[in-house]
Amino acid sequence: MDDVFIPWTEIKHPDFPGKKVEAGGIKPFAMINPPPDKIDDLVSKNYKFIVAVAGMHPELEFLDVKVENQGDNIFRLSLKVHNKGVFATCAEAGERNMWTRLMRISIETANKQQLLSGAKVQRMQRLEGDKSSEFSWLIMGKGTIYITAGAVNTGIITTSADLK
């Protein structure tokens with residue numbers, strides 16, 4: 001690299017009256033920043049990399065949402081939560097630390113419906129890329145059910161199902 005050094009030059013500094021003070025040396029950041037003629041190429045390559053990595057983030061979707069009438073006004077609701085991203089929903093280390101927001105799935109019933117089996121709110125385990133978890137509930141009563149799944153780091157998804 002050329003032109004990165006400033007020759008030492010004597011200066012008068014107000015903090016050191018009557019003393020010899022010199023300024024000079026390597027220009028700040030000159031050895032760290034790329035040369036100006038390389039910046040466009042570096043920005044282009046890094047931009048492509050960052051966009052590619054961002055496209056691999058975890059992304060949740062509901063699959064195979066199914067309502068089965070079991071008779072006597074009882075319905076089985078089953079579905080899969082699928083991570084269609086390449087990356088897992090959290091790092092393995094995140095399973096053991098208290099700061100990672102774990103995914104959860106919750107079901108909201110209508111006023112006259114009763115949840116017979118399955119938890120209203122459940123924690124979801126980490127999902128690798130292109131993997132799914134299955135959930136199922138037994139509900140008594142007709143109406144619309146709302147299901148929400150996810151976490152802050154994966155995004156929150158919502159769907160509904162009509163029990164009739």
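**A salt-bridge network**

Tutor: Glu59, Glu61 and Lys84 are joined in a network of salt bridges (a salt bridge is a side-chain nitrogen of Lys or Arg within 4 Å of a carboxyl oxygen of Asp or Glu). Before we go on: this is a predicted model, where local features need pLDDT of at least 70 and side-chain atom pairs count only at pLDDT 80 or more, while totals for chains, interfaces and linings use all residues. Residues are numbered from 1 along each chain as its sequence is written, and side-chain values use heavy atoms, leaving out hydrogens and water.

Start with Glu59 and Lys84, whose side chains meet at 3.7 Å, N to O. Glu59 sits in the loop between α1 (39–54) and β3, and Lys84 in the loop between β4 and β5, 25 residues apart. (Helices, H or I of at least four residues, and strands, E of at least two, are DSSP runs numbered from the N terminus.)

Lys84 also meets the side chain of Glu61, at 4.0 Å, N to O. Glu61 is in strand β3 and Lys84 in that loop between β4 and β5, so this pair ties together parts 23 residues apart in sequence.

How open are these three? Glu59 has 35% relative accessibility, so it counts as partly exposed (buried is under 20% relative accessible area, exposed over 50%, partly exposed in between, with a 1.4 Å probe and protein chains only). Lys84 is partly exposed at 45%, and Glu61 is partly exposed at 23%.

By this rule, the count comes to 6 salt bridges.
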